[in-house]
Amino acid sequence: MPRRLKLLFIPFIIIILLAVPITDTITIESQKEHKLLAFFPLRAADSRFQIVYTHSIHHSEVKESYRVLKNGTIRQTELEYEDTAVGMPANAEEGETFRMKDGKYYIRNMKRDFPWIDLSTGQVSADHRLVAGEKVTPFKEFAEPGSVVRIKKRKLSLWQQWKGVNLVGR
C-alpha cells in the first residue's frame, strides 16, 4: 500500500472507531430536548440498577429494582416500600411474592417488562436517585427537577461516551 494511501487510511479508521456505537449502556435522556444527559455502561455480569425516591404522599423511601435483558428490555424485578396507602400496591400480581419484613413491604419475582422508562423527576421532596453498581447519583446532578427523562438501553460510540456524563466512571 502506498505511503500516501496509508496516511489517509489511518484517520479514516480512527473516525470509524470513534463513531460506531459499540458499548451497551443505560442512557438517561431529556424528553424535551432529546439530549443525552447521562449514561452508565452495562457489564455482562451486572446489568442491574435501582431507582430510589421519597414517595410524595407517604414521605417514605421507595426502591424499584431493574435488570436489563439481553434484548434490551428493562425488567422490573423488585419493589420495596414502607406504606401500602395511596399509590402503592397492597399485594403482588400472579407469579410474584408479597412479603413484609422489618416494617417494609417487598414484591419480588417481578417480571414487568418495559422498552424504556419515562420518569418525571421530583421538584420538591422526591429526591430521585439512581443506583448503579456501588454508585448512588441524585437525578438533580444531571437533570432539572420536574423534568421528564427517558431511561433506556442503547449502544454508544466512544465519541458519545467521551461527550456524556458517565455516572459510574466519575
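Predicted model: local features only at pLDDT ≥ 70, side-chain atom pairs only at ≥ 80, totals over all residues.
A surface patch here is made of residues with over 30% relative accessible area and no salt bridge, and nonpolar side chains are joined into one when they lie within 5 Å. Phe9, Phe12, Ile13, Ile16, Leu17, Val20 and Ile22 together form a nonpolar surface patch of about 630 Å². One of these residues, Ile22, sits in the loop that leads from helix 1 (3-19) to strand 1 (23-30).

Now turn to the inside. The largest nonpolar core has 28 residues, and the members that touch the most others are Ile26, Phe49, Ile51, Phe139 and Ile151.

Leu119 takes us on to strand 9 (residues 117-120), where Ile117 and Leu119 point to one face and are buried. Strand 9 runs antiparallel to strand 12 (residues 148-156), and four bridges join them. Within this pairing, Asp118 has Arg150 of strand 12 as its bridge partner.

Our last stop is another antiparallel pair, strand 6 (residues 97-101) and strand 7 (residues 104-108), linked by five bridges. Here Arg99 is partnered with Tyr106 in strand 7. The two strands form a hairpin with two residues between them, and Asp102 in this hairpin takes a positive phi near 50 degrees.

Conventions
Residues numbered from 1 in each chain as written. Heavy atoms only, no water. Patch = residues over 30% accessible without salt bridge, like charges linked within 9 Å, V, L, I, M, F, W, Y side chains within 5 Å. Areas by Shrake-Rupley, 256 points an atom, 1.4 Å probe, with all protein chains shown as cover. Salt bridge = Lys/Arg side-chain N within 4 Å of Asp/Glu carboxyl O. Buried < 20%, exposed > 50% of the residue type's maximum accessible area, 1.4 Å probe, protein only. Pairing = 2+ DSSP bridges. Core = buried A, V, L, I, M, F, W, Y, C linked by side-chain atoms within 4.5 Å.
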